[in-house]
Amino acid sequence: MTGRARGVGGSVLRPDGLAKAGGTFVYAGDLSAPGMLHARTLRSPHPRARIRRVDTAAALRIPGVAAVVTAVDVPGVATYGLIVADQPVFAATETRYAGEPVAAVAAVDAPTARRALAAVEVEYEPLPPLVDPEVAAGPGAEPLHPDGNVFREITLRHGDPDAVGPVVVEDSYLVGMQDQAFLAPEAALVVPAADGGVDMWLATQWLHSDREQIAACLGLPEELVRLELAGVGGAFGGREDVTLQVHGALLARATGTPVRIAYDRVESFLGHPHRHPARMWFRHTATEAGDLVSVHARIIMDGGAYASSSPAVIANAVTHAAGPYRVPNARLDGLVVRTNNPPCGAMRGFGVPQVTIGHEAQMDRLADRLRMDPVGLRVRNALQPGDVLPTGQVLGPPLPAREAIEAVAARPLPAALTAASPVTARPGGRGAHADLARVRRGVGYALAYKNLLFSEGFDDSSTARARLELDADGRPVATIHSACAEVGQGFVTVAGQIARTELGVDEVVLRPADTGVGSAGSTSASRQTWMSGGAVRGACVAVVDRLLARVARRLGLPPEVVEAPRRALVITGGEIVGAETGTRLTLAEALAEGPVEAEHTFHHRRTTALDAHGQGDPHVAFAAAAHRAVVDVDLDLGLVRVVSMALAQDCGTVLNPLSLRGQVEGGTAQGLGLAVMEELVTVDGVVTNPTLHDYLLPTTADVPALDFVALTYPQPDAPYGVKGVGETPTCTATAAVLAAVRAAVGRDLRRVPVRPGDLVDLADPVDPLGGAPYLGNKAAWGQPGEMERG
Amino acid sequence: MDEVQIRLRVNGLERRGRVEPRLTLADFLREHCHLTGTHLGCEHGVCGACTVLLDGAAVRACLVLAVQAEGREVTTIEGLGTPENLSPVQVAFQENHGLQCGFCTPGFVVSVTALLRDNPDPTDEEIRAGLSGNICRCTGYQGIFKAVRAAAGNTP
């Protein structure tokens with residue numbers, strides 16, 4: 001293919017695909033260095049305990065053990081964190097969650113390191129854990145941390161907060177703790193450097209944020225902490241926080257030896273923050289005709305022991321709580337609380353999947369009450385550009401929310417399950433125990449919107465460098481340098497496409513992502529194609545400008561043309577052509593006198609913080625999506641089979657149709673997982689299922705084909721008109737599957753993941769909410785009757 | 001613990017090693033043979049990322065001890081094709097976007113290779129059933145199914 005065919009808009013294949021399929025692509029856990037040590041982490045078994053004593057002497061006496069580090073060995077700042085540095089590198093005097101690191105060991109091999117962990121003596125005084133976020137936020141609750149127990153409270157008031165319509169629906173909903181469960185557990189290789197710094201190769205989402213936190217904890221200037229991205233085996237938000245980085249660096253510096261630090265699957269489950277569990281109460285009111293009058297909601301999220309990105313997640317939850325609907329009056333309260341549960345932070349969708357489960361269940365309930373079609377109700381209320389959001393932010397174009405729900409509703413429905421269907425099509429699959437007469441089909445819809453990029457006034461940017469030169473054979477080659485973390489999403493593909501389009505070359509080399517170039521920001525928030533794509537494009541445009549100016553000078557064109565050479569010269573088909581003169585110069589000729597290089601830092605438009613009433617202009621942009629799910633449910637055994645999923649999504653300009661499809665199919669599968677199988681279960685703060693045996697991920701037997709419709713209206717302020725696409729489908733998939741199951745069984749289902757006990761007539765049914773309404777019946781927010789007065 | 005001398009063939013080459021009896025085949029391949037394409041996603045036999053062929057049968061290398069491979073033939077992802085000459089299954093994963101982060105891919109490729117050898121023209125249901133022991137967290141599997149169908153067309 002030519003540079004043009006492999007530019008933006010084409011289904012260009014991954015440049016790393018052959019190495020990945022061939023088994024030669026190097027992931028963080030595959031790295032080694034001569035003489036390297038193997039490091040493992042000791043974790044607290046108690047969700048809350050005082051640490052009386054830590055004695056490493058016995059561990060250090062084991063032959064082959066090189067070093068044991070604990071809290072006393074942290075030379076710099078003792079804590080780290082994405083937004084607030086509230087998490088100790090190692091627990092010193094107190095542990096706040098089961099799984100919190102207490103020590104780390106480096107030894108000649110991994111089995112020796114594990115034996116050494118067992119020999120570290122830690123004397124704990126267990127304390128009663130505080131695991132209920134409503135109790136932890138309530139008056140009289142004991143502070144679990146010097147920063148207190150409330151990470152953030154948001155009180156959003158919009159329009160007339162007391163306005164109510166004649167039709168009222170109200171209920172509470174519960175969302176379990178989902179894990180990112182990326183397939184490659186955390187790993188890094190740390191090499192101590194002669195200059196007193198460290199070089200680190202690791203799997204992460206945000207190199208520069210990691211560097212800032214590592215350097216602070218090591219007490220080193222940032223330039224002595226050099227990070228390079230190793231192969232990343234998935235992320236989904238779970239690698240945005242620091243986990244093993246500081247531990248590995250401390251051991252490498254303590255021993256003067258390269259250290260490989262890695263987690264196994266159990267540690268991975270305990271080691272990174274999860275998706276926030278949520279308890280949500282919603283009251284929607286509408287006119288008899290079906291126009292929303294108000295939405296009242298209270299959302300409590302359990303942030304676990306440390307802040308991670310909790311303050312930003314709750315803002316997303318609150319500002320999206322009413323969904324992509326015109327809601328003139330809103331009273332939306334959010335609270336994210338510190339408990340002794342595992343820390344929660346970023347996961348694909350970032351607070352929006354939780355509230356989508358709530359607002360979409362409410363829309364179905366409202367449609368039922370109004371005897372309206374659930375699609376029709378959504379269409380009637382769907383946001384249009386120019387509408388005012390509950391934050392007061394005016395919605396800019398485009399947001400095809402209405403088109404999205406109409407598009408999925410128009411897709412053909414799958415064939416009915418019959419005796420002739422393959423046995424694998426039945427709920428329970430090959431177990432073949434489903435009695436067809438007891439299988440019910442349900443269809444459910446969900447519509448949502450999700451913010452793109454970072455919010456609330458964060459001055460976000462991405463920097464990239466581009467260089468155009470001749471290779472040894474005299475052919476033009478472009479080199480792109482960005483610190484954007486490729487975690488599987490396909491930035492490496494898109495960066496090459498952008499460079500080919502802008503520079504008109506075929507050969508593009510992507511340098512490894514490292515801290516030798518400015519920050520690209522995080523691979524999260526659906527932001528890298530827009531932000532780092534924008535940076536790469538900007539750098540390439542600057543390279544072209546410089547090259548054309550050089551050519552203009554060489555051709556003796558007047559100074560005003562040299563100043564603005566694009567007026568007179570264009571790059572096309574590997575040549576620089578004078579627009580009027582017809583002069584032609586090949587790129588190779590233009591580059592003969594040397595390379596051209598440029599750097600560009602891309603910023604998105606400025607946003608603002610939320611004021612005391614949750615009002616502002618907090619989000620850069622949004623994308624909408626709608627899912628329709630069809631399920632079959634075995635009424636006897638409570639087993640669910642997802643028969644089909646249809647998705648219509650607002651994608652902006654599509655840079656790579658193949659990559660887009662991969663993102664939306666993967667995002668749908670993760671949403672399906674939260675609906676029917678994925679939950680990290682805790683009992684008194686202890687995770688009871690931190691293995692892939694017990695934490696169930698969707699398999700080939702669970703995920704149906706995706707009937708996908710891309711809605712492609714260019715985003716005006718984004719490079720090429722792109723929108724991020726990774727998160728939006730995850731927001732709607734869970735809610736759609738839940739709606740379909742609800743339709744199949746004819747019950748109010750208020751919890752995800754749905755459990756068999758929610759679907760069958762157990763002799764002793766368990767109310768997952770423990771009595772409704774969920775919020776306000778405990779300490780945090782007073783009694784239910786006080787909600788209206790709030 | 002006393003180490004044991006083992007001898008086996010890996011990707012057609014004879015390998016000898018002194019190993020602890022409890023060393024897994026996966027760790028032997030990764031640490032002793034430096035064949036890091038065999039990935040460890042869970043080390044408890046669920047994710048399938050470490051799938052290799054043992055005397056032709058797809059097995060999870062994290063659930064096999066190195067000593068159990070004594071005298072046997074192991075084929076890893078690296079043995080199915082070289083970077084310059086990848087197998088049709090490997091090429092199909094690339095061409096059909098059957099991978100994103102790629103960590104699960106070697107295990108899938110090995111499982112698909114065994115599946116298509118035993119059943120060169122599988123139905124969609126047979127593909128789903130045959131691969132239900134490998135987990136992918138990125139793709140939602142649809143690109144993988146396309147890759148299998150494409151490879152089935154390319155496999156003699």
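## Burial and the model

Buried means under 20% relative accessible area. Y449(A) has 2% relative accessibility, so Y449(A) counts as buried. The model is a predicted one.

## Aromatic pairs

The count of aromatic pairs over all chains is ten. A pair of aromatic rings is described by the distance of the centres and the angle of the planes.

Take Y449(A) and F622(A). Their ring centres are 4.8 Å apart and their planes lie at 20°, so this pair is stacked.

What kind of pair do F25(A) and Y27(A) form? Their planes stand at 70°, with centres 4.9 Å apart, so the pair is edge-to-face. Y27(A) counts as buried because its relative accessibility is 2%. F25(A) and Y27(A) also belong to one aromatic cluster with F103(B). That cluster takes in residues of chain A and chain B.

## Charges over rings

Two arginines of chain A sit over rings. R43(A) lies over the face of Y263(A), 4.6 Å from the ring centre. The charged end of R239(A) sits over the ring of F182(A), at 3.8 Å from its centre.

## The seven-stranded sheet

One open sheet of chain A has seven strands. Their order is β3-β7-β1-β14-β11-β12-β13, and the pairing is mixed. From one strand to the next, the twist averages 20°.

Within this sheet, β11 (residues 187–192) and β12 (residues 198–202) of chain A pair antiparallel over five bridges. V190(A) stands opposite M200(A) in β12(A). Helix α6 (residues 245–255) of chain A packs on the sheet. Helix α6 touches β1 (37–43), β3, β7 (101–107), β11, β12 and β14 (259–262) of chain A. The direction of α6 makes about 130° with that of β3(A).

## The three-stranded sheet

A second open sheet in chain A has three strands in the order β22-β23-β24, with antiparallel pairing. β22 (569–572) and β24 (584–586) of chain A each have a single partner strand, so one side of each is left without a neighbour in the sheet. Neighbouring strands here are turned by 25° against each other on average, direction ignored.

Four bridges join β22(A) to strand β23 (residues 575–578) of chain A, and these two run antiparallel. T572(A) stands opposite E575(A) in β23(A). Helix α13 (residues 528–554) of chain A packs on this sheet and touches β22, β23 and β24 of chain A. The direction of α13 makes about 120° with that of β22(A).

## Q100(B)

Q100(B) lies in the loop between α3 (88–95) and α4 (105–118) of chain B. Is Q100(B) buried or exposed? Its relative accessibility is 3%, so Q100(B) counts as buried.

Which side chain joins that of Q100(B) in a polar contact of 3.3 Å? The partner is Q663(A). Leaving aside neighbours within four places in sequence, Q100(B) is also in contact with residues of chain A including R14(A), K20(A), G488(A) and G662(A). In chain B, its contacts include C138(B) and T139(B).

Key. Residues numbered from 1 in each chain as written. Chains lettered and ligands numbered in written order. Predicted model: local features only at pLDDT ≥ 70, side-chain atom pairs only at ≥ 80, totals over all residues. Heavy atoms only, no water. Buried < 20%, exposed > 50% of the residue type's maximum accessible area, 1.4 Å probe, protein only. Polar contact = N/O pair within 3.5 Å; in protein donor to acceptor, adjacent residues only side chain to side chain. Contact = heavy atoms within 4.5 Å. Pairing = 2+ DSSP bridges. Axes fitted to C-alpha atoms, helices over the stretch in contact; angles between N-to-C directions. Phe/Tyr/Trp six-rings, centres within 6.5 Å; stacked < 30°, edge-to-face > 60°. Lys NZ or Arg CZ within 6 Å of the ring centre and 35° of its normal.
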